[in-house]
Protein chains: 2
Amino acid sequence: MARANLLVGQSGGCTPVINQTLSGIIDEAKRQKKIARAYGMRNGIVGLLRDECIELSALSEKKMQQLRRTPSSALGSCRHKLSDEECAIVLGMLAKKNIRYFLLIGGNDTALTTVRISEYARARGYELNAIAVPKTIDNDLPFMDHTPGYGSAATFVAATTQEAGKDTEAMRLVDPVKIIEFMGRNSGWLAAASALGKRSRQDAPHLVYCPERPFDIDGFLSDVEDVYSRIGYCVVVIAETIRDKKGDRIGKRTSGITRDSFGHPYLDSAAARLAELVESRLHIRSRYDKPGSLQRMSMGYGSAVDEREAFSVGKQAVRYALKGYSDVMVTLERRSKKPYRFGMGMVPARKIAGIEKYLPASYINKKGNFITTAFLDYARPLIGALPDFIRL
Amino acid sequence: MARANLLVGQSGGCTPVINQTLSGIIDEAKRQKKIARAYGMRNGIVGLLRDECIELSALSEKKMQQLRRTPSSALGSCRHKLSDEECAIVLGMLAKKNIRYFLLIGGNDTALTTVRISEYARARGYELNAIAVPKTIDNDLPFMDHTPGYGSAATFVAATTQEAGKDTEAMRLVDPVKIIEFMGRNSGWLAAASALGKRSRQDAPHLVYCPERPFDIDGFLSDVEDVYSRIGYCVVVIAETIRDKKGDRIGKRTSGITRDSFGHPYLDSAAARLAELVESRLHIRSRYDKPGSLQRMSMGYGSAVDEREAFSVGKQAVRYALKGYSDVMVTLERRSKKPYRFGMGMVPARKIAGIEKYLPASYINKKGNFITTAFLDYARPLIGALPDFIRL
């Protein structure tokens, strides 16, 4: 292919390292002679429709370093499903800007959008190499060992659970039960990471509940009572998406306003509800924390491995596009377990769409209230350094 | 006074640097020849009543370093008001252990407990030098420039607001309004700190509401609409204790279960309620974050100034006790504004009790929806380095 331009966009929820991936793409695009200029679309595909693109290849090295240290999506994000008319607009824009390398950083939906644009272009005789680049803190994309973004968020989850453990331990005569609600679309990858800093039975977390198993309130209360009677306090971690046997979210609102003004069911915090139940049924004072979007943007707790890998998948995406690949998503592979070494590969982007990867059964204990060492062995190489707190 | 022992305890809510103060006390106690041994009571005064004390002067330098890097109260905390009978037990314990230097790290209530024990001892002819040592992330203790613990929590608040700003800016086509609820017993010191990292009009926060001013819902909605129409997204910071004109907390629950099983009124998150209002009245999608106890224990965002000061007040408390002072609380003073230089002093502990220090009127703008540069000038020297994020 003759010298042409590259266009990149970011889509879906943010991560602390998605701009590392963007930097990797820019960095590689600058090195490749076949690429004249690299452009970025503002707010994903929506920005392209509005012709809101900016040039990225002119960024100074200083700005590039700053970009790598900035969380969230520096180009802006969106959640948008393209209509047929919009595909035509997109193709017009690509042709106008001589874009032959098209990269979208995102998850399942983004993979589909990438394929859709590429197929639309190909059917109309426009040569385009379209690559999807993975990112999600949820770690739920299939066909890869893990996702860029997970290691950083998992470090946040592990370290803040250690901190919450020290806080609850110190305050055990006042508020002995703490419930922490972490993200995780429909999987327990992040909740499970809370156990990575646990070194002794007294350390938090004491109980971990993932959405891969139905959540039973009586079982939960009995678990809490058991831990509390043993050590005098209890730190519980839940994934925000835990559901009961009927499949209803634990935070589902059953009275008052049950739907928001957009018609979506209102979900109260599952942690808030469980803290209330611990107080009303067990008569033990209970507090809850819901770090919310902090876990997808916190730069206070980092994973150097995750940063490096996120940067690398960006570079690799450009190389794949230049080699003529299209309609694929870059994947992260584990080439070696000890010492941990990663590699990269690819998978047809269409295969990613609509599939979520859950915690395998071997990562959750029999009782469904904690995770196993198999999970810890899997996750430990992906995260950053965890603190070692003192117990007097 | 002849060679005797020192006893220290921690009380009330934790901070990221309260163990720095504990380390300062141990460090100074080791250096002072008049002090034979330093003991720590587990869970504050409750531990002393139960004779649960541990020796601290034997801690190795390595353990001391680890202690300084551990958040929360390593000795454990409590909230306990002493009865007369308990004062007698306390005195018995002090005599048994030959304690003549008695230090409690805490806030208002702790200051009172210190005085109560010291007066009880003195009335019975037992010589005791009792010193209260300040700590609180809330910064609401009177007669001092600021409190140990505030600088670290303020750094957390400022940096995570910057991060939330980048996240909301990136997601503005999806969830353009973000409401963040920070702690602050009855004051806006922490909420105000959210503005410390703001460098331009586009940067978060765009609105800051403190409990020092009555909160008006219509005014709030109009403020949000205004910011949103101007820049396309809006990050609002509130103190968890904001109240309406009648003095009711914004998060006060008015239907369903309104009191917990301990009889305390149930408070839902004010941020959750405001996010609902933004959706139902302005029809703008809104999310909220409530970092909760994370802000009082996060080691991911530190203030070296706060760490150093917290260590110093611990050392100073020991020196005051040895000089024969009693019934005082150590204070932090600002000896020089530019360059910032702190000093220490003392105030009668009894004067601290029951007084909360609020944001002065000059620190809040006329509309009551943001803070002033006077506040920023006050707070900036107290916090750690803040990130400098890129905007493409």
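Predicted model: local features only at pLDDT ≥ 70, side-chain atom pairs only at ≥ 80, totals over all residues.
Between chain B and chain A I count 28 residue pairs in polar contact, both members at pLDDT 80 or more. I then looked up which elements supply the chain B side. Helix 3 (61-68), helix 6 (150-170), helix 9 (270-282) and strand 9 (286-289) of chain B each give two or more residues to the side that touches chain A. Helix 6 of chain B gives the most, with seven residues. By residue class, I find 30 nonpolar, 18 polar and 19 charged residues on the side of chain B that touches chain A.

**Extent of the interface**

I listed contacts next: 67 residues of chain B are in contact with 67 residues of chain A. The buried area between the two chains comes to about 5400 Å². Carbon and sulfur atoms give 57% of that area. Which residues of chain B lose the most area to chain A? I find L173(B), I390(B) and L392(B), which together account for 14% of what the chain B side buries.

**Salt bridges**

I ran the salt-bridge rule on the interface of chain B and chain A, and it finds two. I also looked up the pair D167(A) and R296(B): their side chains meet in a salt bridge, at 2.8 Å from N to O. Over all chains the count comes to 51 salt bridges.

I then picked a pair within chain A. R31(A) forms a salt bridge with D27(A), and the closest N and O atoms are 3.0 Å apart. Why are R31(A) and D27(A) separated by about one helical turn? The two are four residues apart in helix 1 (residues 18-31) of chain A, so about one turn of the helix lies between them.

**Seven-stranded sheet of chain A**

I moved on to the sheets. In chain A, seven strands form an open sheet in the order 3-2-1-4-5-10-11, with mixed pairing. I note strand 3 (53-55) and strand 11 (341-348) of chain A as the edge strands, each pairing on one side only. Neighbouring strands in this sheet are turned by 30° against each other on average, direction ignored.

I checked one pairing in detail. Strand 1 (residues 4-10) and strand 4 (residues 99-106) of chain A pair in the parallel sense over six bridges. Q10(A) has I105(A), in strand 4 of chain A, as its bridge partner. Helix 1 of chain A packs on this sheet and touches strand 1, strand 2 (35-41), strand 4 and strand 5 (129-134) of chain A. I get about 175° between the direction of helix 1 and that of strand 1 of chain A.

**Four-stranded sheet of chain A**

Four strands of chain A form an open sheet in the order 7-8-6-9, with parallel pairing. Strand 7 (207-209) and strand 9 (286-289) of chain A are at the edges with a single partner strand each, so one side of each has no neighbour in the sheet. The twist averages 20° from one strand to the next.

Strand 7 pairs with strand 8 (residues 234-239) of chain A in the parallel sense over three bridges. V208(A) has V237(A), in strand 8 of chain A, as its bridge partner.

I looked up which helices pack on this sheet. Helix 6 (residues 150-170) of chain A touches strand 6 (177-182) and strand 8 of chain A, and its direction makes about 165° with that of strand 6. Helix 8 (residues 217-231) of chain A touches strand 6, strand 7 and strand 8 of chain A, and its direction makes about 160° with that of strand 7.

Technical notes:
Residues numbered from 1 in each chain as written. Chains lettered and ligands numbered in written order. Heavy atoms only, no water. Pairing = 2+ DSSP bridges. Axes fitted to C-alpha atoms, helices over the stretch in contact; angles between N-to-C directions. Contact = heavy atoms within 4.5 Å. Buried area = accessible area lost by both parts, 1.4 Å probe. Salt bridge = Lys/Arg side-chain N within 4 Å of Asp/Glu carboxyl O. Polar contact = N/O pair within 3.5 Å; in protein donor to acceptor, adjacent residues only side chain to side chain. Nonpolar A, V, L, I, M, F, W, Y, C, P; charged D, E, K, R; others polar.
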